[in-house]
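Student: I have a new protein model open here. Could we go through it together?
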Amino acid sequence: MLHWPGLITPQDGLESKNSKTRVVCMDEIAAIVDRNGPVVYRASAAAPAAGSRPASAAAGDNVMAAVAKLVAERDTAVRAACLGVIEVLYCIEGAGESAGA
């Protein structure tokens, strides 16, 4: 995700104390991932330098880690929105190759 100074990204809302803000931000993250696919949360196709990761991969990992942490929230709306993001990821990635083997 791109971040311009002065603009708020959906990731910023995940840290909010307001549960409605977190729900709306997770819904937006799910929509962005659904619309743009794995490019949002995966590393770029360019090979990184030895021992380093591309900035896009680090940003995607941070967003998905923040979403995953919210699975343990008490608020049911936040948990449901979090599982919605995970559902979109699962639809894109699938169960993996080990399911049929």
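Student: What pLDDT does the protein average?
Tutor: This is a predicted model, in which local features need pLDDT of at least 70, side-chain atom pairs count only at pLDDT 80 or more, and totals for chains, interfaces and linings use all residues. The protein averages a pLDDT (the predictor's confidence in each residue, from 0 to 100) of 77, and 66% of the residues score at least 70.
Student: Where is the pLDDT below 50?
Tutor: That applies over residues 45-54, a stretch with 5 contacts (heavy atoms within 4.5 Å) in the model beyond near neighbours in sequence. Where pLDDT is low, the predicted coordinates should not be read in detail.
Student: Which element has the highest mean pLDDT?
Tutor: Helix H4 (residues 76-93) does, with 93, whereas helix H3 (residues 55-69) has the lowest, 72. Helices (H or I, at least four residues) and strands (E, at least two) are DSSP runs, numbered from the N terminus.
Student: How many helices and strands are there?
Tutor: There are 4 helices and 0 strands.
Student: New topic: where does Asn18 lie?
Tutor: Asn18 lies in the loop between helix H1 (10-13) and helix H2 (19-36). Residues are numbered from 1 along each chain as its sequence is written, and side-chain values use heavy atoms, with hydrogens and water left out.
Student: What does its side chain reach?
Tutor: The side chain of Asn18 reaches the backbone nitrogen of Lys20 at 2.9 Å.
Student: And how much of the protein is buried?
Tutor: Buried residues (under 20% relative accessible area, 1.4 Å probe, protein chains only) make up 28% of the 101 residues.

How values were computed. Polar contact = N/O pair within 3.5 Å; in protein donor to acceptor, adjacent residues only side chain to side chain. Buried < 20%, exposed > 50% of the residue type's maximum accessible area, 1.4 Å probe, protein only.
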